[in-house]
Amino acid sequence: MLRFLLGRLAVLVPTFLGVSLIAFSFIRLLPGDPVMLMSGERAMSPERHAQVMHDLGLDRPFYIQYFDYLGSILQGDLGTSIVTKRPVFDDFLSLFPATLELSLCAIILAICLGIPAGMLAAVKRGTWLDQSVMGVALVGYSMPIFWWGLLLIIFFSGYLGWTPVSGRISLMYFFPPVTGFMLIDSLLSGQEGAFRSALTYLILPTVVLATIPLAVIARQTRSAMLEVLGEDYVRTARAKGLSPFRVIGVHALRNAMIPVITTIGLQVGVLLAGAILTETIFSWPGIGKWMVDAVFKRDYAVVQGGLLLIAAIIMLVNLLVDLTYGLVNPRIRH
Amino acid sequence: MKKLTTLLAATALASMMGTAAWSKTLVYCSEASPEGFDPGLYTAGQTFDASSRTVYNRLVEFKHGGTEVEPGLAESWTISDDGLEYTFKLRADVKFQTTDYFTPTRDFNADDVIFSFERQIREDHPWNKYVAGAAWEYADGMGFPQLIKSIEKVDDLTVKFVLNHPEAPFIADLGMDFASIMSKEYADKLAADGKLEQLNQMPLGTGPFTFVAYQPDAVIRYKANPDYFKGQEKIDDLIFAITTDAAVRAQKLKAGECHIMPYPNAADVADLKADPNLTVLEQPGLNVAYLAYNTQQAPFDKVEVRRALNMAVNKQPIIDAVFQGAAEVAKNPIPPTMWSYNNAIEDDKYDPEAAKKMLEEAGVKDLKMKIWAMPVSRPYMLNARRAAELMQADFAKVGVQAEILSYEWAEYLKLSREEDRDGAVIMGWTGDNGDPDNFLDTLLGCEAVGGNNRAQWCNEEFDKLVKAAKKSSDQAERTKLYEEAQVVFKREAPWMTIDHSVGFIPLSKKVTGFHMDPLGIHRFDGVDIAE
């Protein structure tokens, strides 16, 4: 197991270097520069423009900028935002908990609903129930997130008034962030009703962000279960007279879980991509919106630093997924 | 240990704030996050709303809802006969805000004024590069480093600006956001503590509201400044709930989650007007959208060709399609709400037949041209591509084949400035200070060729008029000169003027005392909420 773990960790180093180079060069391949964008319609003289680019160190050769950047990363410095002038890592730390909180809630919802729905569809294969579950999953998978989010806001917040429109907590609650997770911070604040408020603000964005992963997990669970249910050992278990719950819930599900876990791991990327739109619709102050704004403003430091941190998180999650395989299926450990 | 300290500090702060208290709070659904809180460093409206118009004051202020200048931190001023010396008498007993992070020990004085400007115009000033890439774009764009010879402290409450040449719009320039007055004492303290960047993160001024906290991309909190020299505001707290999507802002307003929102979608205005709990304010914006020909390139170097093309386009359908009527056809390069607007000028009449004839007479046949359409939406031009398509169709009727081009915004800004640019470019402008100079010389002056002057048009007669107006301190004389300049502009047609758009602000009927500002700023001083 240790060798397996070390092997996986060794792969991370070149991957990390590759990501840093891609992140660094891609944003620079886009036309325009941050200084030009900051001045907008108001033209800056070429001399002034050159001077500000020089002050920012952006007039140096690409490779020098890159190696300087790598050196800074090794010292734990991800740079300072060209626009806000705040350290990139500080901004990431203050915004990431919001994305993580939303993503965790979304993936939990997707797992809790997606796996049982997929199992149900597999067990009732070919029935109206199977077709309904898969039909809904297909619609969910194809749903344009922005439209879906606005539709839910207009119906549940505007028309019914059941949920708040956007934000993380009612503005009447004000407490400094401790963990950055609003559910936890609202409890720590001791303010009456704060936790409940934070919870209500989470509902719609969670549903929107969970929609695509839920559909994917349900479909994957169904196909994996169908495959496993046709295996000899399942037939044997049934022949032995085990209860259907035990056959499906223990023997079949455990083996069907491997591709499902892979799918769940891959959803981390989907969640982060979905978070960009979800955070924009629901004014959710997370890293998705932060990164998109940075791309539009050519805030090189934020884009390259943010991409690197997101890539590190995805790599970490994939590593955990690989380790989980080992727990679920001992054959993989060997 | 660090975590424990943070936790303790947080707990202390929370207990100081008490439990959830909902005092008289105004919630403004702002359209974007501020880039920072030092207005000298930035050019975006949302940054100014969150900093200069809430936390800071200036020597002079624009009247609420207008572009006229009134005394601010300066209670009066005199201008020398040669127009080179501006002496400001400063208001006494003005206090800087007291916050959790700084307690001032002295009142506002001339040192603060000198600090606020010198840091922006003197490259050797210790605060000139206090953050990486500080471009001081407005100070630089208004030519302050070249304009201001010196700023002298006459006494604690008198300060004198000596200019290198007369500049009539100088007083109006001082009402702009970048001219906000900072506390030198606070800056000195930050410098001593080695926390210079805090000036851009935790602002401190003399304005109506005191900064409390900013959660990036989410919320900015302010409280009424009890020491405000014009008296404490009627609302206790001001909150900016940052909501970038206009449709979501509209839903929040309808749901009562905020009281005021800027920049609604044109398509949502009718629905918001129909809501019995809301009022929708509207006001012509201080802006213009235009199609700038490249007057240095044939055949657009011929006046007849430019005028013929102007006559070939029917502008009203563009207004209807792009703004759903919420704009008016522009005939001059300055908006009608601006002083010196020449209403006697007649717009080029839409006449495709005459335009065709004029092109033939100019010896232009089978003309092919490019129209550059901005890839972004701006208040003065919501959908440039749609406008370009309608122009393209009208040009086709007079035998001109137009191709529509677009670039990514940064590239568009850069390439559209180039003197050898191929094609006519759709662009626009929103006024900064209500002075015609900010349109006429900034966008059409000879010095702006290769920069803001996207028509690359240098006309001696026009330039002489606007330069003369810039030097005169006689408003009547300036008006006459600008009116004449507009006649020259219309005759020479470097642009096809397209529209002046109308701005909308939907707000709750509970809100009183809020005025729309033609300069596009959003101010909350004097605003109240009915209980």
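Q: Helices here are DSSP runs of H or I with at least four residues, and strands are DSSP runs of E with at least two, both numbered from the N terminus. Which helix is the place of A:Q267?

A: A:Q267 sits in helix α11 of chain A, residues 244–281. This is a predicted model, where local features need pLDDT of at least 70 and side-chain atom pairs count only at pLDDT 80 or more, while totals for chains, interfaces and linings use all residues. On the labels, residues are numbered from 1 along each chain as its sequence is written, while chains are lettered from A and ligands numbered from 1 in the order in which they are written.

Q: Which residues is A:Q267 in contact with, leaving aside neighbours within four places in sequence?

A: They are A:I107, A:P213 and A:V216. Being in contact takes C-beta atoms, placed from the backbone, that lie within 7 Å. As for A:I217, 50 residues away along the chain, its C-alpha atom is 8.9 Å from that of A:Q267.

Q: Where in chain A is confidence lowest, and where is it highest?

A: The score is pLDDT, the predictor's confidence in each residue, from 0 to 100. Helix α14 of chain A (330–333) has the lowest mean, 64, and helix α8 of chain A (182–189) has the highest, 94. Over chain A the mean is 87, with 97% of residues at 70 or more.

Q: What makes chain B as compact as a globular protein of its length?

A: Chain B holds 17 helices and 19 strands. The globule rule is 2.2 Å times the number of residues to the power 0.38, and the radius of gyration is taken over C-alpha atoms. For 531 residues the rule gives 24 Å, and chain B comes out close to that at 25 Å, so it is as compact as a globular protein of that length. Buried residues make up 51% of chain B.

Q: How do the buried residues of helix α11 of chain B fall, seen down its axis?

A: In α11(B), residues 315–323, the buried ones are B:K315, B:I318, B:I319, B:V322 and B:F323. They fall within an arc of 100°, so they line one face of the helix; that arc is of the directions from the helix axis to the C-beta atoms. An α-helix has 3.6 residues a turn, so residues three or four places apart point the same way. The cover over this buried set includes β13 (327–329), α13 (384–397) and β17 (495–508) of chain B.

Q: How many residues of chain B are in contact with chain A, and which element gives the largest share?

A: On the chain B side there are 54, in contact with 57 residues of chain A. The largest share, 6 residues, belongs to α1(B).

Conventions. A residue is buried if 20 or more other C-beta atoms lie within 10 Å of its own, exposed if 12 or fewer, and partly exposed in between; C-beta atoms are placed from the backbone. Two residues are in contact if their C-beta atoms, placed from the backbone, lie within 7 Å.
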